[in-house]
Amino acid sequence: DHCVPDAGWGEAILAAHRAPHAAIGGPVDKRGPDSATSWAVYLLDYARYSSPLPEGPARELTDCNVSYKREELAATAALWATEFHEPQIHGALTAQGATLWQTPAIAVQQQRTLTPADAVRERFDFGRLLGSLRASDAPPGRRVMLAAIGLAVPLLLVWRVLAHVRRAPALRAPFVSAQPWLVLLAAPWAAGDIAGYA
C-alpha cells in the first residue's frame with residue numbers, strides 16, 4: 001500500500017516463476033526526498049531489502065515485494081486464514097522444503113511519510129506483534145529469556161541497519177541524517193517486543 005513497482009515488474013515476476021521457487025522477492029528502495037523520521041523507519045524495515053540485492057536463495061523476503069506460487073501458498077492456508085504474517089508463512093514454506101528466492105529484477109519504490117508520534121506508535125505495535133508471534137508457542141521460561149534478551153534489541157537493530165548500509169552506498173547519507181531517529185525508534189520497538197513476549 002506504500003510501494004510503487006518499477007516498470008516491467010509484473011513481467012519479471014512471471015519470468016522468475018518459471019523457476020521452481022515457492023516465493024520470489026525483490027528489493028524495496030526508498031523514493032526520496034523524505035524526512036529523517038521516515039528514513040529511519042525505512043532503514044529499520046527495509047535496509048536489508050535495498051538495492052543492490054544479489055540474485056539467489058533467501059532466508060526471508062518482505063511482504064512489500066513478494067509473489068508466491070499458488071499451490072505452495074495454498075499449502076500454508078491455515079496460517080493466513082485470519083491474518084498474514086510473512087515470517088510465519090516463509091518459515092512454513094521452507095519447513096516443507098520449498099525455496100525462497102530474491103532477484104533484483106523485481107524492484108519497488110517505497111514512499112511513506114510518518115509523523116514522529118505515528119512512527120513511535122507503529123514501532124511499538126510492530127515490535128509487540130513480532131514478539132507475540134515468536135512467543136506464541138513458547139513456554140513461560142523461554143518467554144522470560146526472550147524478554148531479557150529484548151533489552152539488547154535497540155543496539156541489535158541499529159547494528160543490523162549499519163551492516164546493510166555498508167553494502168549500499170546510496171543509504172549512507174540518509175543513515176547519517178536519520179541516526180538520532182534510528183536510536184529513538186529502536187527503543188519502542190524493543191519495548192513492544194518485550195510486551196509481546198509477556
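This is a predicted model: local features need pLDDT of at least 70, side-chain atom pairs count only at pLDDT 80 or more; totals for chains, interfaces and linings use all residues.
**Entry 1: the three-stranded sheet**

I began with the open sheet whose 3 strands stand in the order S1-S7-S3, and I noted that the pairing in it is mixed. Its edge strands are S1 (3-5) and S3 (28-30), each of which pairs on one side only. From one strand to the next I found a twist that averages 35 degrees. I then looked up how S1 meets S7 (residues 108-110), and the two pair in the antiparallel sense over 3 bridges, with Gln 109 in S7 as the bridge partner of Val 4. Helix H2 (residues 36-46) lies across S3 and S7, and it runs at about 165 degrees to S3.

**Entry 2: the four-stranded sheet**

Next I turned to an open sheet of 4 strands, again with mixed pairing, in the order S4-S6-S2-S5. S4 (56-57) and S5 (66-68) stand at its edges with a single partner strand each, so one side of each is left without a neighbour in the sheet. Strands S2 (residues 23-25) and S6 (residues 100-102) run parallel and are joined by 3 bridges, and within this pairing I located Ala 23 opposite Leu 100 in S6. Helix H5 packs on the sheet, where it touches S5 and S6, and its direction makes about 45 degrees with that of S5.

**Entry 3: a nonpolar patch**

Which residues form a nonpolar patch on the surface? I found Leu 79, Trp 80 and Phe 84, which together have about 240 Å² of accessible area. Phe 84 sits in the loop between helix H4 (77-80) and helix H5 (86-95), and its relative accessible area of 32% makes it partly exposed. Trp 80 belongs to helix H4 and counts as partly exposed at 30% relative accessibility. Leaving aside residues up to four places away in sequence, I listed Leu 73, Ala 74 and Ile 89 as the residues that Trp 80 touches.

**Entry 4: Leu 157**

Apart from residues up to four places away in sequence, it touches Leu 44, Ala 186 and Trp 189. I also checked Leu 157 against Ala 190, which is 33 residues away in sequence, and their C-alpha atoms are 9.2 Å apart in space.

**Entry 5: salt bridges**

My search of the whole structure gave 6 salt bridges. In one of them the side chains of Asp 34 and Lys 30 meet at 2.9 Å, N to O, and Lys 30 is buried, with a relative accessible area of 10%.

The side chains of Glu 60 and Arg 48 also meet in a salt bridge, at 3.1 Å from N to O. Glu 60 lies in the loop between S4 and S5 and Arg 48 in the loop between H2 and S4, so this pair ties together parts that are 12 residues apart in sequence. Glu 60 is partly exposed at 37% relative accessibility, and Arg 48 is partly exposed at 31%.

For Glu 122 and Arg 112 I noted a salt bridge whose closest N and O atoms are 2.4 Å apart. Glu 122 lies in helix H6 (residues 116-135) and Arg 112 in the loop between S7 and H6, so the pair ties together parts that are 10 residues apart in sequence.

Note on methods. Residues are numbered from 1 along each chain as its sequence is written. Side-chain values use heavy atoms; hydrogens and water are left out. Two strands pair if DSSP finds at least two bridges between them. Axes are lines fitted to C-alpha atoms, for helices over the stretch in contact, and angles run from 0 to 180 degrees between N-to-C directions. Contact means heavy atoms within 4.5 Å. Patches are made of residues with over 30% relative accessible area and no salt bridge: like charges are joined within 9 Å, nonpolar side chains (Val, Leu, Ile, Met, Phe, Trp, Tyr) within 5 Å. Accessible areas come from the Shrake-Rupley method with a 1.4 Å probe; for residues, only the protein chains shown count as cover. A salt bridge is a side-chain nitrogen of Lys or Arg within 4 Å of a carboxyl oxygen of Asp or Glu. Buried means under 20% relative accessible area, exposed over 50%, partly exposed in between (1.4 Å probe, protein chains only).
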